[in-house]
Amino acid sequence: MNRAAGHVLIVDDEESICWGLKRLLTGEGHEVSVASTAEEALALASRHKPDLVVMDVRLPGIEPNRSMRVWGGIRRSFKRPSSLEWQRQRRGAGNSGRK
């Protein structure tokens with residue numbers, strides 16, 4: 001299967017969860033960054049522009065409401081295609097080699 005892999009940012013303070021997710025995702029061909037704090041996640045997101053963020057909303061030292069605001073900061077750090085652009089991209093990827 002020949003597909004373009006994306007960049008995934010994992011944000012969790014549980015080392016074993018990060019390890020398992022990273023192993024799974026890199027095995028599928030994705031580039032993976034890991035952050036254990038909200039601050040680290042924001043810094044990595046601004047540098048690497050992830051396609052997907054997997055985030056624990058119960059990070060220690062941060063209230064759940066604040067973690068959602070952190071997510072808003074991460075989300076603003078990368079360009080997200082509109083749903084129409086995304087559908088066009090997916091259709092184009094699925095039709096490669098077909099006439």
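Is Glu40 buried, partly exposed or exposed, and what is its relative accessible area? In this predicted model, Glu40 is partly exposed, with a relative accessible area of 33%.

View 1. When neighbours within four places in sequence are set aside, the contacts of Glu40 are with Val34 and Ala35. The C-alpha atom of Glu40 lies 8.6 Å from that of Val11, although 29 residues separate Glu40 and Val11 along the chain.

**View 2. Asp13 in the loop between strand S1 and helix H1.** The loop that holds Asp13 runs between strand S1 (7-11) and helix H1 (15-27). Asp13 is partly exposed because its relative accessible area, 33%, falls between the 20% limit for buried residues and the 50% limit for exposed ones. With residues up to four places away in sequence not counted, Asp13 touches Ser36, Asp56, Leu59 and Pro60; for one of these, Leu59, the C-alpha atom is 6.5 Å from that of Asp13, across 46 residues of chain.

**View 3. The protein as the setting for both close-ups.** Four helices and three strands make up the secondary structure of the protein, and from the N terminus on these elements follow the order β-α-β-α-β-α-α. Of the contacts between residues at least 6 apart in sequence, 61% join residues at least 24 apart. Buried residues account for 28% of the 99 residues, while the protein exposes about 7300 Å², of which carbon and sulfur atoms supply 51%.

Conventions:
Residues are numbered from 1 along each chain as its sequence is written. This is a predicted model: local features need pLDDT of at least 70, side-chain atom pairs count only at pLDDT 80 or more; totals for chains, interfaces and linings use all residues. Side-chain values use heavy atoms; hydrogens and water are left out. Buried means under 20% relative accessible area, exposed over 50%, partly exposed in between (1.4 Å probe, protein chains only). Contact means heavy atoms within 4.5 Å. Helices (H or I, at least four residues) and strands (E, at least two) are DSSP runs, numbered from the N terminus. Accessible areas come from the Shrake-Rupley method with a 1.4 Å probe; for residues, only the protein chains shown count as cover.
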